[in-house]
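Colleague: I would like to learn how to read a model like this one. Can we go feature by feature?

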Amino acid sequence: MKIISYNLNGIRSAMSKGLLEWLQTENPDVFCIQESKAQPEQIDVMAFQELGYRSFIHSAEKKGYSGVCVFTKREPDKVVVGMGNPKYDREGREMRVDFG
């Protein structure tokens, strides 16, 4: 399984600079990003879906701040969003995706 983890510093900016073309070339099974800096409705999940990815998103409550996403071609066995502590989960910094 090929996994890529990438700190984007803004998913919308990265998408405008060729992220999807790069992702199609690299073709990982799982693509994890940090610092999406976007709310779920601001992320073009259809563009990732067209490449065969299912999207899991955990954004910060504060707009334009932190956020993590997992895009996967394999169906995960389990997805855990946050660490279970509301004080920290509001920042959108942790997501666990289990396979096998």
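Colleague: Where is Ser66 found?

Modeller: Ser66 is found in the loop between strand 3 and strand 4. Helices (H or I, at least four residues) and strands (E, at least two) are DSSP runs, numbered from the N terminus. This is a predicted model, in which local features need pLDDT of at least 70 and side-chain atom pairs count only at pLDDT 80 or more, while totals for chains, interfaces and linings use all residues. Residues are numbered from 1 along each chain as its sequence is written, and side-chain values use heavy atoms, with hydrogens and water left out.

Colleague: Is Ser66 buried or exposed?

Modeller: Buried means under 20% relative accessible area, exposed over 50%, and partly exposed in between (1.4 Å probe, protein chains only). Ser66 has a relative accessible area of 2%, so it is buried. Its phi is near 40°, a positive value in a residue other than glycine.

Colleague: Which value does phi of Glu35 take?

Modeller: Phi of Glu35 is near 60°, again positive in a residue other than glycine. Glu35 lies in the loop between strand 2 and helix 3. Glu35 counts as buried because its relative accessibility is 19%.

Colleague: What does Ser36 touch?

Modeller: Contact means heavy atoms within 4.5 Å. Not counting residues up to four places away in sequence, Ser36 touches Gly10, Ile11, Ser66, Gly67, Val68 and Cys69. Ser36 is found in the loop between strand 2 and helix 3. With a relative accessible area of 1%, Ser36 is buried.

Colleague: How should I read the sheet, and in what order do its four strands come?

Modeller: Strands of a sheet pair through backbone hydrogen bonds, either parallel or antiparallel. Two strands pair if DSSP finds at least two bridges between them. Here four strands form an open sheet in the order 1-2-4-3, with mixed pairing. Strand 1 (3–7) and strand 3 (54–58) stand at the edges, each with a single partner strand, so one side of each has no neighbour in the sheet. From one strand to the next, the twist averages 15°.

Colleague: In which sense do strand 3 and strand 4 pair?

Modeller: Strand 3 and strand 4 pair in the antiparallel sense, over five bridges. Phe56 stands opposite Val70 in strand 4. Helix 2 packs on the sheet and touches strand 1 and strand 2. The direction of helix 2 makes about 160° with that of strand 1. Axes are lines fitted to C-alpha atoms, for helices over the stretch in contact, and angles run from 0 to 180 degrees between N-to-C directions.

Colleague: How many residues does the largest nonpolar core have?

Modeller: In soluble globular proteins, nonpolar side chains tend to be buried together. A nonpolar core is a set of buried Ala, Val, Leu, Ile, Met, Phe, Trp, Tyr and Cys residues joined through side-chain atoms within 4.5 Å. The largest one here has 17 residues. Among those with the most contacts inside this core are Ile11, Met15, Leu19 and Phe31. Helix 1 (11–16), helix 2 (19–26), strand 2 (30–34), helix 3 (45–50) and strand 4 (68–72) each supply at least two residues of this core. Apart from it lies another core, of seven residues, among them Val30, Cys32, Val70 and Met95.

Colleague: What does Phe31 touch?

Modeller: Leaving out residues up to four places away in sequence, Phe31 touches Ile4, Tyr6, Leu19, Trp22, Leu23, Cys69, Val70 and Phe71.

Colleague: How many aromatic pairs does the structure hold?

Modeller: Rings of Phe, Tyr and Trp (its six-membered ring) pair if their centres lie within 6.5 Å; planes under 30 degrees apart count as stacked, over 60 as edge-to-face and the rest as tilted. The structure holds four such pairs. The ring centres of Tyr6 and Trp22 are 5.4 Å apart and the planes are at 50°, so this pair is tilted. Tyr6 is in strand 1 and Trp22 in helix 2, 16 residues apart, and the pair links distant parts of the chain. Ring pairs link Tyr6, Trp22, Phe31, Phe48 and Phe71 into a cluster.
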